[in-house]
Amino acid sequence: MGSLSNEILANRFVFSIGADKPKESDRFLSDSVLAMQISGDLTLETNHDKITMKPGNFLLACKHQFVKVTKSPSQTQQHKAILLTLDEEVLRNYALENGI
């Protein structure tokens, strides 16, 4: 296996399909997730925290959490976000390659 920076990991992307009206769901994060908010708002609520992401925000959410997810479109655009799952192997290799 080569350097992660030179590989495309096809099974790592999860797209949050646009929502034109508010949607709520409960999720269990079995892997860590890196999220980038494109448009609208994304609110993640755990037992301890409540975070609302705005367009341009990034968030690294740790694995093994139950989260309540609320997707809210803006007045002019659908909700859109890009999510990248980061399993143990990916995180371990990144840390080794970068001396973390």
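What follows is a friendly conversation about a predicted model.

Trainee: Where do the residue numbers start, and what limits apply to this model?
Mentor: Residues are numbered from 1 along each chain as its sequence is written. Because this is a predicted model, local features need pLDDT of at least 70, side-chain atom pairs count only at pLDDT 80 or more, totals for chains, interfaces and linings use all residues, and side-chain values use heavy atoms, with hydrogens and water left out.

Trainee: In what order do the four strands of the open sheet lie?
Mentor: Strands (E, at least two residues) and helices (H or I, at least four) are DSSP runs numbered from the N terminus, and two strands pair if DSSP finds at least two bridges between them. The pairing in this sheet is antiparallel, and the order is E2-E7-E4-E5.

Trainee: Which strands are at the edges of that sheet?
Mentor: An edge strand here pairs on one side only. E2, for instance, is joined to E7 by seven bridges, with Asp26 facing its bridge partner Lys68 in E7. The edge strands are E2 and E5.

Trainee: How many aromatic pairs does a search of the whole structure find, and what is the geometry?
Mentor: The search finds one. Rings of Phe, Tyr and Trp (its six-membered ring) pair if their centres lie within 6.5 Å, and planes under 30 degrees apart count as stacked, over 60 as edge-to-face and the rest as tilted. The ring centres of Phe28 and Phe66 are 4.9 Å apart and their planes stand at 55 degrees, so the pair is tilted.

Trainee: How many residues apart in the chain are Phe28 and Phe66?
Mentor: Phe28 belongs to strand E2 (residues 23–29) and Phe66 to strand E7 (residues 65–72).

Trainee: Is Phe66 buried or exposed?
Mentor: Buried means under 20% relative accessible area, exposed over 50%, and partly exposed in between (1.4 Å probe, protein chains only). Phe66 has a relative accessible area of 65%, so Phe66 is exposed.

Trainee: Which backbone nitrogen does the side chain of Thr46 reach?
Mentor: Thr46 is in the loop between strand E4 (41–45) and strand E5 (50–53), and at 18% relative accessibility Thr46 counts as buried. The side chain of Thr46 reaches, at 3.1 Å, the backbone nitrogen of His48.

Trainee: Which residues make up the largest nonpolar core?
Mentor: A nonpolar core is a set of buried Ala, Val, Leu, Ile, Met, Phe, Trp, Tyr and Cys residues joined through side-chain atoms within 4.5 Å. Strand E3 (32–39), E4, strand E6 (58–61) and E7 each give two or more residues to this core. Its ten residues are Leu29, Val33, Ala35, Leu42, Leu44, Met53, Leu59, Ala61, Val67 and Val69.

Trainee: Which residues form the covered face of E6?
Mentor: In a regular strand the side chains alternate between the two faces of the sheet. In E6 the uncovered face holds Phe58 and Leu60, and the covered face holds Leu59 and Ala61.

Trainee: What is the bridge partner of Val33 in E6?
Mentor: E3 and E6 pair in the antiparallel sense over four bridges. The partner of Val33 in E6 is Ala61.

Trainee: How far apart in space are Ala19 and Ser74?
Mentor: Ala19 is in strand E1 (residues 13–19) and is buried, with a relative accessible area of 1%. Ala19 and Ser74 are 55 residues apart in sequence, and their C-alpha to C-alpha distance is 9.9 Å.

Notes: A polar contact is a pair of N or O atoms within 3.5 Å; within protein, one must be able to donate a hydrogen and the other to accept it, and residues adjacent in sequence count only if both atoms are side-chain atoms.
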